[in-house]
Amino acid sequence: MEWSPKYAANAYLDTLKLCSKHKQMCNSCETQEPECNEFISALAAGMSAKLIVEVTTEGSPSTVALAAAARQTGGKLVCIIPEPKLDKTQKVIQETGLNDMVEFKTGDPVEVLHNYENIDFSLVDRKTNDYDMLMEKLDVNPNRSVVVTNNVEGRKGMVGGKLKKMENKAKVRSLQHPIGKGLEVTMIGKSTEFGKKERISKSGCYAHLIRGEKKNGHQVVNKKSSDKSKWLFVVDEKSGEEHIYRMPKSSGP
């Protein structure tokens with residue numbers, strides 16, 4: 001899976017527009033704040049993830065974001081969600097035109113996960129019941145994969161420690177980011193490839209998510225104001241709209 005600046009840029013812009021269009025869902029969800037969604041979508045799309053799995057406790061704009069990423073990569077999003085939340089989330093996905101990208105599953109997430117192997121990108125809600133067991137059962141792609149956990153603010157322990165079974169197969173590295181209510185990004189990869197594409201800036205931000213170049217009529221530029229943060233400046237050349245997106249400094253373990 002090569003890093004694709006084009007996929008990352010397109011997924012970022014797609015998510016920005018879709019979540020803006022469906023403000024009711026994005027604003028009513030407590031799971032994530034809006035700035036998380038573009039980040040997650042660009043990361044999943046940029047790494048060309050084919051199998052994306054989300055374990056969530058409620059309908060979330062992150063489902064839209066990951067479905068947008070799957071559309072860019074030609075992959076599939078498996079969304080494991082409680083049954084009472086299913087209808088509303090399915091309706092939103094249908095309205096965005098992303099229903100072909102998403103496979104919804106209900107039931108015990110630990111049991112459902114048994115059906116999926118070599119997952120390229122995972123997003124797991126830290127509030128999920130049996131979280132520790134779920135992380136132990138998560139079957140990630142040892143060659144190159146990413147596991148993102150949200151709602152980690154104020155919680156002890158890191159995902160990297162839950163994935164120790166991978167230590168003999170691949171390198172595991174985790175970083176926490178003060179985005180939304182706390183994100184932890186865990187990267188898994190073979191020792192010969194790990195870190196080649198996922199370069200992290202001094203601020204702990206994924207500066208390579210979107211490079212300074214024209215992509216599909218958009219000018220996308222990285223701006224760094226200081227070592228404390230990264231700014232992504234996106235210009236839609238057709239509409240003239242400008243979007244400035246701040247990527248805060250991460251907090252390590």
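Leucine 18 is in contact (heavy atoms within 4.5 Å) with Val64, Ala68, Arg71, Thr96 and Leu98, leaving aside its neighbours within four places in sequence. This is a predicted model, in which local features need pLDDT of at least 70, side-chain atom pairs count only at pLDDT 80 or more, and totals for chains, interfaces and linings use all residues. Residues are numbered from 1 along each chain as its sequence is written, and side-chain values use heavy atoms, with hydrogens and water left out.

**Leucine 18**
- Leucine 18 sits in helix α1 (residues 5–21). Helices are DSSP runs of H or I with at least four residues, numbered from the N terminus.
- Leucine 18 counts as buried, at 10% relative accessibility. Buried means under 20% relative accessible area, with a 1.4 Å probe and protein chains only.
- Alanine 65 is 47 residues from leucine 18 in sequence, yet their C-alpha atoms are 8.3 Å apart in space.

**Nonpolar cores**
- A nonpolar core is a set of buried Ala, Val, Leu, Ile, Met, Phe, Trp, Tyr and Cys residues joined through side-chain atoms within 4.5 Å.
- The largest such core has 40 residues. Ile40, Leu43, Ile52, Leu66, Phe121, Val146 and Val148 have the most contacts inside it.
- Helix α3 (residues 34–46) gives this core its largest share, seven residues.
- A second, separate core has 19 residues, including Ile80, Val110, Val112 and Tyr131.
- In soluble globular proteins, nonpolar side chains tend to be buried together.

**Cysteines**
- Cysteine 36 is buried, with a relative accessible area of 1%.
- Cysteine 79 is also buried, at 0% relative accessibility.
- The disulfide count is zero, taking a disulfide as a pair of cysteine sulfur atoms within 2.5 Å.

How values were computed: Helix = DSSP H or I, 4+ residues; strand = E, 2+ residues; numbered from the N terminus. Buried < 20%, exposed > 50% of the residue type's maximum accessible area, 1.4 Å probe, protein only.
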